[in-house]
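Grab a pencil and work through a few exercises on the model shown here. Try each task before reading its solution.

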Amino acid sequence: MKFARWSLIFVYTLLASLPLLWMALTSFKSREDAISQHARFVPTAQASEDGLRNTFVPTLAPYVALGSVHSGAQHSFWSYLGSSVVIGALSTLASVLLGTSCAYGFSRFRIAGAKDWLFFVLSTRFMPPLAVVVPVLMMYRQLSLTGTHAGLILLYTVFNLSLAVWLMKGFLDEIPRAFEEAALIDGYSRLAAFRTIILPQARTGMAVTAVFCLISAWNEYGFAMTLNSSGAITVPAYFAGLQGNIDGMPWPQVAAGCLLFVAPIVAFTVAVRRHLLRGMTFGTIKQ
Amino acid sequence: MGSSERGLKFAFVAPALTLLVLFNVFPLLFNVALSFTNAELVGSQSDFVGPANYARIFADPRFAEAIRRTASFVALAVGIELVLGYALALSIRREFRGKALVLTTLLIPMMLSPAVIGLFWNLILNGNYGILNQSLEYLGVPQPQWLTDRDWKFTSVLLIDVWMWTPFMMLISLAALNSIPQSLYEAAEVDRASAGIVFRRITLPLCAPLLGLAVLLRATDALKQFDLVMATTGPNDASTETLSTLLYQIVFRDGKLALGSAFACLVLVLVIAVATAFTRYLEALERRPA
């Protein structure tokens, strides 16, 4: 029994991490090493004459190549990464601000039909992007928002509101009402109490919410691809566009780009590891 | 409550709710209106055609096929992830050195972008030089053509999904296991209950409510499956077409905007049904005595 437990943990940890390790190794290979029929996984300083060896000479060439424009794309990887950063950051900021304000309203005031509103907010998360993309596309064409940063920022802000409202409501509910009631008695206005009492207390909650909003905007693909048919602008849409010819894929560059793209997410995951449960369940499980 | 208090309350909640209504309710109504026309992606000509698009959907087996395939994807993915995730949680439950590190490592896949990671899986699963088939060859196991063999494509998408989302099931299972009071196990020990009885009478039933929540959350997500299919086989592939990729194919490849809208309306009915089940479940959970 004990043996079975440990082997399950060991084998699964291996399976969970191998694809990412393979990605890291591939990002330092030449294309020939990356698609060799004899897996090359041992980095060495000296090239081997024998093609059957499992060694490869690590190179930074794939990372350098990320700076050049790949055939079929309009810009280099860095430009798309920049778009991902701008869109992710601004939409996260907007979601957290709007979400916190809305969550505070639901947490502290008596609102008619509050429960129904909250469930409506949550249910927006269940919509498949592809099922609402046609009306959004028509609306965006009218407003000339297709293919723009502003269009995606707005969309991701709304897309993440459900997460932001639910997570923040959970965090705000945990702040004792007595704090702001005391402030109100001291003559603070509601708004001043919100700013000086609640916001500082809610900082952790807002940071955790921001991380989850950022990750979901960063990873989003359906809207990014369909609303920008003229020129993909975030990294997931850019990568998908490279896919036309699988055998001609520049695998080391793809691996290098993937690695740079997922590295911040891994860092953020480690940073919020104690809040993962909450974030992944919209705050419905708190521990 | 004074009128300024009422105004303030409105100012707090209105901006977010307005945006949500604008981006969710409006598209819903617009979809319904569009579904009775013959609008196309290119050109602005569109006429009222009545329920013709719906008639086409019910006559074309592609749609029923996509619904069936998505349903079996949801059932298989969620089922496998639940069993595997729960087994992992049971194994990893007790404290050991380096537990935090192992846990974080295990949880990383679920945080990554399916579109980007799915693309890289193409290299792993490649039939000629992929590392997976090379490993299988080393072990002396048959090596399927994961991405090109009709009978294996679906399994490949499932495999990547299981890799990404088993950690999620493990995470919630761990929370469920941790919420079981230790005193119950102590009582069982006094009664000399066998390990099997303890598992069937204490562990599993007490985990069930949270596992149900996990299943519903994961199911609503799997129902949307788009990114992994696009990253591996692409849309319009008879063995992996899901609801979302079929919608993409109709609207953006075939340019049949109105037909896509009609199908989207039907999909939304399905999604709303699942979402309602989810919220009901959540309400029932909240009412449950703690």
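Angles under 35 degrees count as roughly parallel, over 145 as roughly antiparallel, 65 to 115 as roughly perpendicular and the rest as oblique. This is a predicted model, where local features need pLDDT of at least 70 and side-chain atom pairs count only at pLDDT 80 or more, while totals for chains, interfaces and linings use all residues. Residues are numbered from 1 along each chain as its sequence is written, with chains lettered from A and ligands numbered from 1 in the order in which they are written.

**Exercise 1. Work out how α1(A) and α5(B) are oriented to each other.**

Step 1: get the angle. Helix α1 (residues 2-26) of chain A packs on helix α5 (residues 114-125) of chain B at about 85°, and the axes are 11 Å apart. (Helices are DSSP runs of H or I, at least four residues, numbered from the N terminus; axes are lines fitted to C-alpha atoms over the stretch in contact, with angles from 0 to 180 degrees between N-to-C directions.)

Step 2: apply the cut-offs. α1(A) and α5(B) are therefore roughly perpendicular.

Step 3: see who touches whom. From α1(A) come A:Pro19, A:Trp22, A:Met23 and A:Thr26, and they meet B:Phe120, B:Trp121, B:Leu123 and B:Ile124 of α5(B). (Contact means C-beta atoms, placed from the backbone, within 7 Å.)

**Exercise 2. Describe the contact between chains A and B.**

Step 1: count. Chain B puts in 73 residues and chain A 74.

Step 2: find the main contributor on chain B. Helix α1 (residues 3-34) of chain B gives the most to the side touching chain A, with 17 residues.

**Exercise 3. Find the kink in α13(A).**

Step 1: check the length. Helix α13 (residues 251-271) of chain A has 21 residues and reaches 30 Å from first C-alpha to last, close to the 30 Å expected at 1.5 Å a residue. (The expected span is 1.5 Å times one less than the number of residues.)

Step 2: look for the bend. A kink of about 30° sits at A:Val262, shortly before A:Pro264. (The bend is the angle between axes fitted to the seven residues ending there and the seven starting there.)

**Exercise 4. Is A:Ser144 buried or exposed?**

Step 1: locate A:Ser144. It's in the loop between α6 (129-142) and α7 (149-173) of chain A, and has a positive phi of about 55° although it is not a glycine.

Step 2: count neighbours. A:Ser144 is exposed, with 10 other C-beta atoms within 10 Å. (Buried takes 20 or more, exposed 12 or fewer, partly exposed in between.)

Terms used: Helix = DSSP H or I, 4+ residues; strand = E, 2+ residues; numbered from the N terminus. Contact = placed C-beta atoms within 7 Å.
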